[in-house]
Amino acid sequence: MQATSIDEVITALQTIIDDSKKSNNRLGYFAVLYYKVTASVRDGIRNGQFQDGPRMEKLDVIFANRYLEAYTLWQQGAEPSACWKFAFETAKRSSPLILQHLLLGMNAHINLDLGVAAVEVSGDKPMQDLHNDFNMINTIISSLTYQVLSEIDRSSPLLSLLGLHAGNSNSVLIQFSIDNARDGAWCFAEELYAKTITDRPTEIKARDQNVLAIGKSLINQTGFLRFTVWLIHLFEWKNPAKVIELLQEDQKKYFSVDDKMVVKAG
């Protein structure tokens, strides 16, 4: 399931969403979010909102193919990267929150895949040339993530209880930030870009293990936070297909980014 254009990425994501609804699979949660992000990037390219539209499409396709490859390997019983394997394995479990399943996907895709894709699309050109468009795609990811989180409230009515733990700086679940993930992805990309072609696989493997550790921290809670997560889960919708349909309701809405990186709904 490798795409060669952004339209093919959207088609592949729709297939994953449809299959997930049919099989009642929680993997559809992240696929819906990612569909929205990709559709918004496509519209942004068509509207000339990126510094380099063709390069942005190339970045989007390379970025998406890392997820599509991981998903395909998992479906075939093969081994994807460790952080994606953990996300896919966790999707079999009913105990994590809808939010946690989404964050596992974002963790693997932003903290690992985005940096690798940025280096690949840069090739032998300076990485800095990509920085503005890199930030713009992350602005879209961030805005759509917050939109999806607001939609989750309907299927997870007690989710706001996590606010009771806002001061818990030791919990990745509470402190996880798209902006921090983006900045970390760019730093990783710069480090990877500086490596030789021969050394890059080792660097990616080490990063994969670090991202896996973050993923485990997103799921494994202790103390009062663990009780809060349990309580929130108690009142969440238990039918994955129904949750996917809820998240799809505004799927056709797209977001654009102006020259000041302000996201507007269309």
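Buried means under 20% relative accessible area, exposed means over 50%, and partly exposed is what falls in between (1.4 Å probe, protein chains only). This is a predicted model, in which local features need pLDDT of at least 70 and side-chain atom pairs count only at pLDDT 80 or more, while totals for chains, interfaces and linings use all residues. Residues are numbered from 1 along each chain as its sequence is written, and side-chain values use heavy atoms, leaving out hydrogens and water.

Q: Why is Glu 249 called exposed?
A: Glu 249 has a relative accessible area of 51%. The label asks for over 50%, so Glu 249 counts as exposed.

Q: What makes Glu 203 and Lys 195 partly exposed?
A: Glu 203 has 22% relative accessibility and Lys 195 has 36%.

Q: How do you know whether Asn 107 is buried or exposed?
A: The relative accessible area of Asn 107 is 1%. Buried means under 20%, so Asn 107 is buried. Asn 107 is found in helix α5 (residues 98-122), a helix here being a DSSP run of H or I with at least four residues, a strand a run of E with at least two, both numbered from the N terminus. Leaving aside residues up to four places away in sequence, Asn 107 touches Leu 112, Phe 176, Val 211, Ile 214, Gly 215 and Leu 218, where contact means heavy atoms within 4.5 Å.

Q: Which label does Asp 113 get, buried or exposed, and why?
A: Asp 113, also in helix α5, has a relative accessible area of 1%, so Asp 113 is buried. Its contacts, not counting residues up to four places away in sequence, are Phe 63, Arg 66, Tyr 67, Trp 84 and Ala 108.

Q: Why is Tyr 35 called buried?
A: Tyr 35 sits in helix α2 (residues 27-46) and has a relative accessible area of 14%.

Q: What makes Arg 55 and Asp 133 a salt bridge?
A: A salt bridge is a side-chain nitrogen of Lys or Arg within 4 Å of a carboxyl oxygen of Asp or Glu. The closest N and O atoms of Arg 55 and Asp 133 are 3.3 Å apart, and the pair forms a salt bridge. Arg 55 lies in helix α3 and Asp 133 in helix α6 (residues 131-155), so the pair ties together parts that are 78 residues apart in sequence. Both Arg 55 and Asp 133 are buried.

Q: How do you know that Arg 154 and Glu 249 meet in a salt bridge?
A: The N to O distance between the side chains of Arg 154 and Glu 249 is 3.0 Å, and they meet in a salt bridge. Arg 154 lies in helix α6 and Glu 249 in the loop between α11 (240-248) and β1 (255-257), so this pair links parts that are 95 residues apart in sequence.

Q: Why do Glu 203 and Lys 195 form a salt bridge by this rule?
A: Their closest N and O atoms are 3.9 Å apart. The limit is within 4 Å, and Glu 203 forms a salt bridge with Lys 195. By this rule the count comes to nine salt bridges.

Q: What makes α3 oblique to α4?
A: Angles under 35 degrees count as roughly parallel, over 145 as roughly antiparallel, 65 to 115 as roughly perpendicular and the rest as oblique. Helix α3 (residues 53-75) and helix α4 (residues 82-90) pack at an angle of about 55°, with their axes 10 Å apart. That makes α3 oblique to α4. Tyr 67, Ala 70, Tyr 71 and Trp 74 of α3 meet Trp 84, Lys 85, Phe 88 and Glu 89 of α4.

Q: Why is α8 called roughly antiparallel to α9?
A: The axes of helix α8 (residues 178-193) and helix α9 (residues 200-219) come within 10 Å and cross at roughly 155°; that makes α8 roughly antiparallel to α9. Such axes are lines fitted to C-alpha atoms, for helices over the stretch in contact, with angles running from 0 to 180 degrees between N-to-C directions.
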